[in-house]
Amino acid sequence: MNDNENFLWEESLENIVSDPKDFEQAANSLCEHALNDAKAQLHPLLRNVELERLEKRSEFIQAFKQALEERIAHKLAIWQPGIQAVFQFEESWMDSRRSWDGSVHLLVKVPGLSNRLKTLGRKLDRNLVNCLRQMGWSRFQKRRSILEIQQVTPNEVRHATGYGAMFCAAHNVPVKVWPQGKKRSG
């Protein structure tokens, strides 16, 4: 990436990270829409059940996690047009699809590593945690963080170095959540 492209990459993030209210509004919108997406996948009689009871249903939890990952990925891509793709990954190959710990792990494929994207992730994370606590979810009441964003460059993917090595893993290969399309590719 040349200096001009790097400046544009960093500059577009500069405009986002300046107003904390934007992060609060974005987090509230992401959580609310993910909740609605997850409820829409339930039987109609379950859609109005209290969140306290819904969080005991594994199909609801998985639908919410998937919707939240996809919505965060899409929001990141809107905020930072230089993002090439976003993938979700599990922290270890033993993580079960049935027992979500409340964490969202995303790999963001970018033209070059950016400290500002790290800042964006931390600010969004803080606001997501606050929003989920306010919704009354017991699993988030003691959490300090839920969102992990790791950056990976095309060179790292091509040479299977750093986070790019995850795309060659035997277990838990990252799954593309943005842009929609072919799900398992680097």
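This is a predicted model: local features need pLDDT of at least 70, side-chain atom pairs count only at pLDDT 80 or more; totals for chains, interfaces and linings use all residues.
## Overall architecture

The secondary structure of the protein consists of 6 helices and 4 strands. Read from the N terminus, these elements follow the order α-α-α-α-β-β-α-β-α-β. Of the 186 residues in the protein, 42% are buried.

## Strands and their partners

Strand β1 covers residues 85-88. Both of its faces are covered: Ala85 and Phe87 on one side, and Val86 and Gln88 on the other, are all buried. β1 pairs with β2 in the antiparallel sense, over 4 bridges. Within this pairing, alanine 85 stands opposite lysine 109 in β2. β1 also pairs with strand β4, residues 175-178, again in the antiparallel sense, here over 3 bridges. Valine 86 stands opposite tryptophan 178 in β4.

Strand β2 (residues 104-109) and strand β3 (residues 147-152) run parallel and are joined by 6 bridges. In this case valine 108 stands opposite glutamine 151 in β3.

Rolling a probe the size of a water molecule over the atoms shows where empty space is left. In this model, the second largest pocket has a volume of about 270 Å³. Its lining comprises 15 residues, and Leu117, Lys118, Arg122, Ile149 and Gln150 lie nearest its centre.

## Aromatic contacts

A pair of aromatic rings is described by the distance of the centres and the angle of the planes. A search of the whole structure finds 8 aromatic pairs. Two of them are set out below.

| Pair | Centre to centre | Angle between planes | Arrangement |
|---|---|---|---|
| Phenylalanine 23 and tryptophan 79 | 5.4 Å | 70 degrees | edge-to-face |
| Phenylalanine 60 and tryptophan 137 | 6.0 Å | 45 degrees | tilted |

The pair of phenylalanine 23 and tryptophan 79 links distant parts of the chain. Phenylalanine 23 belongs to helix α2 (residues 20-40) and tryptophan 79 to helix α4 (residues 58-79), and the two are 56 residues apart. Both phenylalanine 23 and tryptophan 79 are buried.

Why is the pair of phenylalanine 60 and tryptophan 137 classed as tilted? Planes under 30 degrees apart count as stacked and those over 60 as edge-to-face, with the rest as tilted. The planes of phenylalanine 60 and tryptophan 137 stand at 45 degrees, so this pair is tilted. Phenylalanine 60 lies in helix α4, whereas tryptophan 137 lies in the loop between α5 and β3; the pair therefore ties together parts that are 77 residues apart in sequence.

Phe60 and Trp137 are, moreover, members of one aromatic cluster, which is formed by Phe60, Phe64, Trp100, Trp137 and Phe140.

Most residues other than glycine have a negative phi, and most peptide bonds are trans. The following places depart from that pattern.

Alanine 160 has a phi near 55 degrees, a positive value in a residue other than glycine. Asparagine 172, which is not a glycine either, has a positive phi of about 50 degrees. Where do these residues lie? Alanine 160 is found in the loop between α6 (154-159) and β4, and asparagine 172 is likewise found in the loop between α6 and β4.

The peptide bond that joins tryptophan 178 and proline 179 is cis, with an omega of about -10 degrees. Proline 179 lies in the segment after β4, while tryptophan 178 is the residue of β4 that stands opposite valine 86.

Technical notes: Residues are numbered from 1 along each chain as its sequence is written. Side-chain values use heavy atoms; hydrogens and water are left out. Two strands pair if DSSP finds at least two bridges between them. On a 1 Å grid over the protein atoms alone, a cavity is a set of points where a 1.4 Å probe fits but cannot get out, and a pocket is an open set with protein on both sides within 12 Å along at least five of seven lines; lining residues have an atom within 4 Å of a point. Grid points are joined across faces, edges and corners, and a volume is the space filled by probe spheres set on the points. Rings of Phe, Tyr and Trp (its six-membered ring) pair if their centres lie within 6.5 Å; planes under 30 degrees apart count as stacked, over 60 as edge-to-face and the rest as tilted. Buried means under 20% relative accessible area, exposed over 50%, partly exposed in between (1.4 Å probe, protein chains only).
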